[in-house]
Amino acid sequence: MKIWTVSCQKGGVGKTTTVVTLGGLLASRGYKTLLVDLDPHGSLTSYFRMNPDAIEKSGYDLFRAVMDKSKVNIHASIVETDIDGLSIVPAATAMATLDRQAGGLDGMGLVMVNALAQLSEEYDYVLLDTPPMLGVLLVNALAACERLLIPVQTEFLAVKGLERMMRTVQMINRSRAQPIPYTIVPTMYDQRTRASIESLNALRNRYGRELWKEVVPVDTKVREASRLGVPASICMPNSRAVHAYEELLESLLHRRTGSVQKMAM
Amino acid sequence: MVSEVKPTKEQSREDEALDLYLTALLAGNSPDSACQEPEQILSLHTNNLEQPETGRSSTFDKPAADVRKTGSSLPAENPDPEMDQQQTRQSESRSSELKLLTLKVGGLTLTTPLSALCGAISYPGTISTLPEQPDWFLGLFQHNGAKIAIADMGKLVNHGRQNYTRSLSLQPYSTVLLLKGGKWAVTCDEIGEVIRPLNDEIRWREQREKIPWLLGTVISPPAALIDMRSLIPI
């Protein structure tokens, strides 16, 4: 089981879109995939037509169980989506209170590591969606992942958010046996705008090695897919953004597994 | 190519706070391991704990009879109720058993939810100071094998009062309160009694943007009701 975290300490850069689209692509290739929504805003949860304000079982239960010293059962929080091979652990709005409840408790950054260990034989990939704010949830996602994907909108403010993210990663790395490998993914690239072009150049100059060589273009089809509640990779397979995410997935799979591919039958 | 981001001098203080936070979160210990049983923590105050609870007196003449009960009175279903005013109010309205510890610091009379505390110990003899810290951050001290950060509550609650000064060599604190979580402690001059105010004896502040740690006011005995965790500005 491979665990990827999708995170950037700025909102609106395409985190949830990246999680949903990569998740859809992985599922369509036959990989059993679990999406975990760790953002109390619950965008990923809402994407799949669940209400984070009224969710019965969610990721919150994992943290609550640890705080209550009861048994953590991640299976109880998993919801099957309508897409074959794609499941989700939804978010609950109550997760926004976790930092105040658990931010001072030792070991609360390792809840997801331990919970996901229960699933090591059941899923091929786990994708974690994170809040943009540094806190218990983001720390959990960073502690659990084997690779970090950092979507960065190609505009100046987002590049600034990336710097903040890099500082956080540096600090988390001090507590890890191995530093987190990461890939920066330029998103919402609009070749007609100077801001996109200059921001991309700035990213290339500063983060060349870790920067994905391609870009995810701005694409209204992604928004339409969100409205339908279906991954764009499934309902808009020929859109430009989906093609870009396919390229991204290819690069990630080859980076990790070389020729070991599990194709859909 | 530059993939490493070096923090600026201005960021170093923030980094230290974040380091402390992240180290705790990623520690392999069980969540409550840092929070000792109050019975152990309060052992240094044994002489203060022998008298029975005295009810809802407003005086500080008698020591904290009920503090010994801190651990046993922690509501299991709500490990941190003081953090959220609404949560606290709900809890209070449900059970009418909101327990507040009264204390004095820097000339002020305060109360704070008992459930936020691990216990109280004497002011530590040795505190390791750290460079370039805010004046309210007194340093770190060892307690039961753990390093605990200690904050000057007098400075924090009197922040903004220009005439507030205190020399710790001339006016040392006598006591520190250990906060739940086991990473922080705050100084105080005197701990008082545990009170159980009724609903209409607390005036809750609805807007807390400017002073987030001030939850409201207890009418009888008159005291500010404070949220310890919000008090520490990290």
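This is a predicted model: local features need pLDDT of at least 70, side-chain atom pairs count only at pLDDT 80 or more; totals for chains, interfaces and linings use all residues.
So, strand β2 of chain A, residues 33-37, pairs with strand β5, residues 125-129 of chain A, over 5 bridges in the parallel sense. Strands here are DSSP runs labelled E of at least two residues, helices are runs of H or I of at least four, and both are numbered from the N terminus. Two strands count as paired if DSSP finds at least two bridges between them.

Residues are numbered from 1 along each chain as its sequence is written, chains are lettered from A and ligands numbered from 1 in the order in which they are written, and side-chain values use heavy atoms, with hydrogens and water left out.

Back to β2(A). The strand also pairs with strand β4 of chain A, residues 86-89, in the parallel sense over 4 bridges, and there A:Thr33 sits opposite A:Leu86. Is β2(A) enclosed or open? 5 of its 5 residues are buried, so the strand is largely enclosed by the rest of the structure. Buried, by the way, is under 20% relative accessible area, exposed is over 50%, and partly exposed is in between, with a 1.4 Å probe and protein chains only. A:Thr33, A:Leu35 and A:Asp37 point one way, A:Leu34 and A:Val36 the other, and all are buried.

Now the core. The largest nonpolar core has 60 residues, and A:Phe63, A:Leu116, A:Leu128 and A:Ile150 touch the most other members. A core here means buried Ala, Val, Leu, Ile, Met, Phe, Trp, Tyr and Cys residues joined through side-chain atoms within 4.5 Å. Take A:Leu128: leaving aside neighbours within four places in sequence, its contacts include A:Ile3, A:Val19, A:Val36, A:Leu38, A:Met112, A:Leu116 and A:Ala144. Contact just means heavy atoms within 4.5 Å. Apart from that core there is another, of 35 residues, including A:Val20, A:Leu44, A:Leu252 and A:Leu253.

On to charges. Over all chains there are 9 salt bridges, each being a side-chain nitrogen of Lys or Arg within 4 Å of a carboxyl oxygen of Asp or Glu. A:Arg206 pairs with A:Glu163, with the closest N and O atoms 3.4 Å apart. That one links distant parts of the chain, with A:Arg206 in helix α8 (residues 194-207) and A:Glu163 in helix α7 (residues 156-173), 43 residues apart. A:Arg206 is partly exposed at 28%, and A:Glu163 is partly exposed at 21%.

A:Glu224 and A:Arg227 meet at 2.8 Å, N to O. Both lie in helix α9 (residues 220-228) of chain A, 3 residues apart, about one turn of the helix. Then there's A:Asp190 with A:Arg192, at 2.9 Å between the closest N and O atoms. Here A:Asp190 is buried at 16%, while A:Arg192 is exposed at 70%.

Last stop, chain B. An open sheet of 6 strands runs β8-β1-β2-β11-β10-β9, with mixed pairing. The edges are β8 (190-195) and β9 (202-204), each pairing on one side only. β9(B) runs antiparallel to strand β10 (residues 214-218) of chain B, joined by 3 bridges, and B:Arg203 has B:Thr217 as its partner there.
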